[in-house]
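Subject: Structure handover

Hi,

Here is the structure for you to look over. My notes follow below it.

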Amino acid sequence: MNLTLGREDVVRLCERVEGAQTRAYAILKLTDEYPGMTIGDGYAVQMALRQRFLAQGHKQVGWKAGLTSKAKMIQMGVNVPSIGFLTDRMARPENSAISTADLVHPRVECEVAFVMKKALQGPGCTRQDVLDATDYVLPAVEIIDSRFSGFKFDLPSVVADNGSSARFVGGGRARYVEDIDLTTLGVVMEKNGELVAMAASAAVLGHPAEAIAMLVNILAELGEGLPAGSFVMSGGITEAIAVKPGDNVIARFQALGSVSMRFVE
């Protein structure tokens, strides 16, 4: 990956992103100050952030893919999704109350999550490799939280911000991949009893396992692999829906059950 930032700049931007994430305030997109910043620079900041969190006692549980719909890729001018890391402190139980006090711009989106029984290593990872290495899939909702003011951001900034990762909730009914059709899985999201989003899982690169394969290949560029036991979110099937205190959200997945949560101050 092409890098333009020096070590001091990476550390400086890492501290800026960490402050916005841990103290819940908005910041300007990073390319305002570093207009030549590349996607590789964004990953350098993200990896520095990951090391900082792990040193503080966070435990990494997996990874997530973002920008996994073709329309979003075209909009952002990229041909691969972005990735971000997931830690134990981002996880919330199904049907729990999720505080928005420590979030800036919380939004929810439906995703298919994969739990891996075998490790995967790129480059050259394929959809079939992912399916062969998957233990089971389950429905999930990701609570994303862009820390950039006015929702003005670009891909290097989003990558540095760990793909807007904030919280995630898994639930529903776990299924083996051979028992369901992951290309035609229907998903509906309701907020306060009203339908707010609906889509099919093919919105994620035609098949959610394609997003996991691309994630593994990006990890290879970063000198990383996907360990066995990882929890991996394959990217939003539906658009991201804004939430605020008092909102109740339920995501219903064909063949996988539902995931629910409520939002409080």
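Helices and strands here are DSSP runs, numbered from the N terminus; a strand needs at least two residues. The model is predicted.

Start with R175. This residue sits in the loop that links strand 7 (165-170) to strand 8 (186-191). R175 is buried, but has no salt bridge. Its nearest side chain of opposite charge is D179, 4.9 Å away. A salt bridge would need a side-chain nitrogen within 4 Å of a carboxyl oxygen. Beyond four places in sequence, R175 touches Y136, V137, I180, A255 and L256.

Next, helix 2. T38 caps the N-terminal end, with a side-chain oxygen 3.3 Å from the backbone nitrogen of G40. Just after the helix, G57 has a positive phi of about 105°. Buried residues of helix 2 include Y43, M47, R50 and F53. The buried residues of this helix pack against helix 1 (7-23), strand 1 (60-66), strand 2 (82-87), helix 5 (155-160) and helix 6 (208-221).

Last, the core. The largest nonpolar core has 82 residues. V108, F114, V130, L182, L226 and M261 touch the most other members. Helix 6 gives this core its largest share, eight residues. M261 also has contacts beyond four places in sequence, among them N95, S96, D247 and N248.

Best wishes

Key. Residues numbered from 1 in each chain as written. Predicted model: local features only at pLDDT ≥ 70, side-chain atom pairs only at ≥ 80, totals over all residues. Heavy atoms only, no water. Helix = DSSP H or I, 4+ residues; strand = E, 2+ residues; numbered from the N terminus. Buried < 20%, exposed > 50% of the residue type's maximum accessible area, 1.4 Å probe, protein only. Lys, Arg positive; Asp, Glu negative; His and termini not counted. Contact = heavy atoms within 4.5 Å. Polar contact = N/O pair within 3.5 Å; in protein donor to acceptor, adjacent residues only side chain to side chain. Core = buried A, V, L, I, M, F, W, Y, C linked by side-chain atoms within 4.5 Å.
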